Amino acid sequence: MFKRLIVAAALIAGATSAYAQQASPDAPAGNAAKGKTLFLERACWQCHGREAQGGGAAGPRLAGRVAPWPAFSRYVRRPAEEMIPYTVKVLPDQELADIYAWLRSIPAPPPVASIPQLAPRK
Amino acid sequence: MPRPSKSKVDRRGFLKGAGAAGAAALAVPSAVVDAGTAPPEGAAAAPALSPEQASQRLAAETAPLDDEANPLVVADPGSDFMVDVLKSLDFEYIISNPGSSFRGLHESLVNYGGNKSPEWLTCTHEQAAVNIANGYYAVAGKPMAMITFAPSGLQHAVMGIFGAFSGRTPTYLLCANILDGEARRPAFDWGPHAMQDPADMVRDMLKWDDTPGSLQHFAESAVRAYKLAMTEPRGPVMLVVDAALQENAIAGRSRLRIPKLTLSTPPAGDAAAIAEAAKMLVAAESPLILAGSVARDEDGMRLLVELAETLQAPVQGGGRAIPNQHPLSGGGNVRTADVILALNEDGLFGRLNRYVDQQVRGSSPLLRPTAKVISITTYDLSTRGNYQNVERFQEVSMAIAGDPQATLPGLIEACKRLVTADRRRVIEERGKALAAASAQALERARVEASYGWDASPITLQRLSAEVWDVVRTKDWASVGGGVNRLWQVDKFYRTMGAVNGGGVGGSMSIAIGAALAHRKQGRLCVRFQPDGDMLYVNSALWTATHHKIPMLIVMQNNRAYHQEVMHLQRMANRRQRGMELASRGLPGSTLTDPNIDFAKMAQSMGAYAEGPIANPQELRPALLRAVARVEKGDVALLDTLTQPR
């Protein structure tokens, strides 16, 4: 009965995991280590999880499927859906570039087949 | 004795007054005091009696006692009859935090009623008591009785009653009151134990209430209340039970009669309208079923599966709709559907429209302009104006007043009659595509759960997967939270459906009530418990341990009211102030410094508990230990530190 307060802002994540493998030539240089810290300090983790693993209804997974820089940066500044907007004043361009660099550097998770708890069950 | 001021009656003042009263009683000359005993120090000396007065007093104090005419006792109190009435309604349990306004009924339930059917459940807070009753109904399918008193106890109960109202739960409330001012004890019975109209406090949330003036009236209203509570759409009811009616002797017992309870059958939708709806559904290219609270039992779930399979239509929705790994579960899309069947959907506007919580609020339809919406619901049959639980008004193409489960057999038959060979081919092709999409979605869910697998704090996805892996071979039942697509919800009783506790603070108690209802079947009950909710009425845990209600509680402890953290971040960003504080501790929303030790809290109330557990590698062994304790009949709690989302 209670309306869900937070819904997914799916566009910040690429539609497919193929984005993770694509180069993003338009992206400014970023410091991935700083980006990881900023991801926490600027509260991105609140919806997307501390590992950018996705927070269910609150925010989609970004690890492994972050969108190309033009779409990513534009969406962060002016989200069309439910995401909390981050203007330049709140999150300067360089900080956003650092976060982007970290998101693109996140290693792939272990294969599902290697995790017994996630194996299909009958 | 000094009379406490009405405006300053508190527990300390009451006890002080009671002590003074005791001392004064000792000072009064009486046969119970040995004449040779000196009065207590400080007590007034007894006034001297004349010989005539002494003689009269001696005669009075030594005269033979007539037990039949003893005004100090009652052989047949009204509350005994009330117990007969409650027994006729087949209540398994009555739950309460005790109160003197219902001391008569309390004593009758225990002694006259033998503390069976209903059995008394001891609870430490009225809000918890109502919510335990709410949770019990969700599994047992029948009401639990709850008793409190006006106004204080009822005020504590209000949030639980709001939950019953919101969740359309037929919780059966009894509220004791001391109506007659002459019968009230000074001071204490006037303030926290008496009202003119107690039900007025919660009437906006009740389906029905009454204040019986006689025992016959009580019997009739008690049966009526039960019947109305259980008539669709269901809802909470309340009887105000006068203390004098409980404590006074029954007058004319032979004339009293308890009416027979006959429940109303749920109303099916109009046959002509159902036939028209079937035409639309069978002709649809992309039908979609939005399921609210449809099924009351396993049969309701089976019927919805049958309708979905007849149409090969995807089913979206909470509650206990169809098994969650059924090929038709969870698929489809409101944006592409051409015919939508909404069943007891009380949030239909929210399902069919996009709403964005940005500075400029707005909503826009998700539906195709030509899409048809058919609504079958009982929710329009009983509404209240004050509480705004109706959402915005949603236009529909066809509105059928009826109970979905009662309507489904007719709708299924009507659809089957209309399926031609050509339509069957189209329907089967649609089913194949939906089944393939469903299988892909399940695989995607496995991949999603693998991200952050080794993170600490533990991801919610890993927590859920670890618990599932431990309980999946058991006869398990979720009593709230944490169950996702990777779990196999294959039976009606695996989940609770839409149970409402009135807001944060109710769900722990709901889980206890549900686990109680599962107890006789020996099911392993699992509850995923947020920390913020736990802190409201955590003493409900004691009711679970005291009454030996086995259950596994796995904390989702993010040490915050995290949803509020996100709301504050939204406000700060909208105002371009940012808010780095949120990562370190947000005033008003985070629950750190000191951290709360939920394991110790649970242990203090007799539960087995471990934690805090932040390392995901430690989860499985802890779960195995906890489940072993639950299977022995214990309450077990694991305080697991999790990511907030």
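**Model confidence, a parallel sheet and a helix pair**

Helices (H or I, at least four residues) and strands (E, at least two) are DSSP runs, numbered from the N terminus. The chain A average is 83, and 78% of its residues score at least 70. Over residues 1-11 of chain A, pLDDT stays under 50. Where pLDDT is low, the predicted coordinates should not be read in detail.

Residues are numbered from 1 along each chain as its sequence is written, and chains are lettered from A and ligands numbered from 1 in the order in which they are written. As the model is predicted, local features need pLDDT of at least 70 and side-chain atom pairs count only at pLDDT 80 or more, whereas totals for chains, interfaces and linings use all residues.

In chain B, five strands in the order β8-β7-β9-β12-β13 form an open sheet with parallel pairing; two strands pair if DSSP finds at least two bridges between them. Strands β8 (315-316) and β13 (398-401) of chain B lie at the edges, each pairing on one side only. Four bridges join β12 (residues 372-377) of chain B to β13(B) in the parallel sense, and B:Ile376 has B:Ile400 as its bridge partner in β13(B).

In chain A, the axes (lines fitted to C-alpha atoms, for helices over the stretch in contact, with angles from 0 to 180 degrees between N-to-C directions) of helix α2 (residues 32-41) and α5(A) come within 7 Å and cross at roughly 100°. Helix α2(A) is therefore roughly perpendicular to α5(A), a term covering angles of 65 to 115 degrees.

Technical notes:
pLDDT is the predictor's confidence in each residue, from 0 to 100. Two residues are in contact if their C-beta atoms, placed from the backbone, lie within 7 Å. Angles under 35 degrees count as roughly parallel, over 145 as roughly antiparallel, 65 to 115 as roughly perpendicular and the rest as oblique.
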